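Subject: A structure for you to explore

Hello,

Here is the structure I promised to pass on to you. Have a look at it first, and then read on for what turned up in it.

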Amino acid sequence: MPRSSTGTVVAALTAAALGGVGVLAYQAAATAPDRPAHSQAGDSKSKPKDKDKGKGGKDGGKKSTALPGDSGTGLRVVYALEDRRVWLVGANEQPTRTFEVSPSTASPSPGTYEVTSRVPSTIGSDGVQIEHVVVFDTEDGVVFGFSAAVDGSAPDTSAAKKTGGIRESRADATAMWEFTQAGTKVVVIA
């Protein structure tokens, strides 16, 4: 065999091995033991103080898109469980984007977390092709993260399997992907 074809074979095997290592690293991260919440001083884990917001109170039943007042400080992602809404908040305390999301069968506990990993594209725990995966917590074996289904589908909330995917539109997932890095704060509020 000529020397140049040996180099090609070695390069192909190396590329395949690196791809396999990447898949294994993601699977290991997705099944890692629970991580404690990363709370920081000044971050609140309580429910929003404005109990009329989004519940048919003073605002006539419309959900507010205003950033909740007890959602931490600094550059962060805020996820309001009850409102099913996310805010991308800049270091200047101003939201750069807000959007609705579709949660899966399980929800993370309220608290402050950090983005632990980002995966461009993979298959979700529900078997759906997803992209722009931003993982921030694992509780009781369930991995919680934001993503978009390539086919645009929402999670099956009637499924028996506990899944923690929080689905966004593809445009919103792209914005989240561009906004976050490993270590970006994620504040989950009730």
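Before we start, one term: two strands count as a pair if DSSP finds at least two bridges between them. Strand 5 (residues 117–123) and strand 6 meet this with 6 bridges, and they run in the antiparallel sense. One of the links joins Thr-122 to Ile-130, its bridge partner in strand 6. The hairpin made by strand 5 and strand 6 has 5 residues between the strands, and Gly-127 there takes a positive phi near 85 degrees. Please keep in mind that this is a predicted model.

Now the overall plan. The protein contains 2 helices and 9 strands. The protein has 190 residues, of which 39% count as buried. If you take the contacts with a separation of 6 or more, 53% of them are between residues 24 or more positions apart.

Next, the sheet. Strands of a sheet pair through backbone hydrogen bonds, either parallel or antiparallel. Here you will find an open sheet of 5 strands in the order 3-2-1-9-4, and its pairing is mixed. Which strands stand at the edges? They are strand 3 (95–100) and strand 4 (111–114); each has a single partner strand, so one side of each is left without a neighbour in the sheet. On average, neighbouring strands of this sheet are turned by 20 degrees against each other, direction ignored. Strand 4 pairs with strand 9 (residues 185–189) in the antiparallel sense, over 4 bridges. Within that pairing, Thr-112 has Val-187 of strand 9 as its bridge partner. Helix 2 (residues 170–179) packs on the sheet and touches strand 1 (76–80), strand 2 (85–89) and strand 3. The direction of helix 2 makes about 140 degrees with that of strand 3.

Then there is the inside of the protein. In soluble globular proteins, nonpolar side chains tend to be buried together. The largest nonpolar core here has 22 residues, and Val-86 and Phe-146 are those with the most contacts inside it. At least two residues each come from strand 1, strand 2, strand 6 (129–139), strand 7 (142–149), helix 2 and strand 9. Helix 2 gives the largest share of this core, 4 residues. Apart from this core lies another, of 6 residues, including Val-78, Ala-80, Val-89 and Val-187.

Is Val-86 buried or exposed? Its relative accessible area is 0%, which is under 20%, so Val-86 is buried. You can find Val-86 in strand 2. Leaving out residues up to four places away in sequence, Val-86 touches several others, among them Val-77, Phe-99, Phe-146 and Met-176. Val-86 and Val-186 are 100 residues apart along the chain, and their C-alpha atoms are separated by 10.0 Å. As for Phe-146, its contacts beyond four places in sequence include Tyr-79, Val-86, Phe-136, Ile-166 and Val-186.

Finally, the rings. A search of the whole structure gives 3 aromatic pairs. One aromatic cluster is formed by Tyr-79, Tyr-113, Phe-136 and Phe-146. Elsewhere on your tour, look for Arg-118, which lies over the face of Trp-177 at 3.8 Å from the ring centre.

Enjoy exploring!

Best wishes

Methods:
Residues numbered from 1 in each chain as written. Predicted model: local features only at pLDDT ≥ 70, side-chain atom pairs only at ≥ 80, totals over all residues. Heavy atoms only, no water. Phe/Tyr/Trp six-rings, centres within 6.5 Å; stacked < 30°, edge-to-face > 60°. Lys NZ or Arg CZ within 6 Å of the ring centre and 35° of its normal. Axes fitted to C-alpha atoms, helices over the stretch in contact; angles between N-to-C directions. Contact = heavy atoms within 4.5 Å. Core = buried A, V, L, I, M, F, W, Y, C linked by side-chain atoms within 4.5 Å. Buried < 20%, exposed > 50% of the residue type's maximum accessible area, 1.4 Å probe, protein only.
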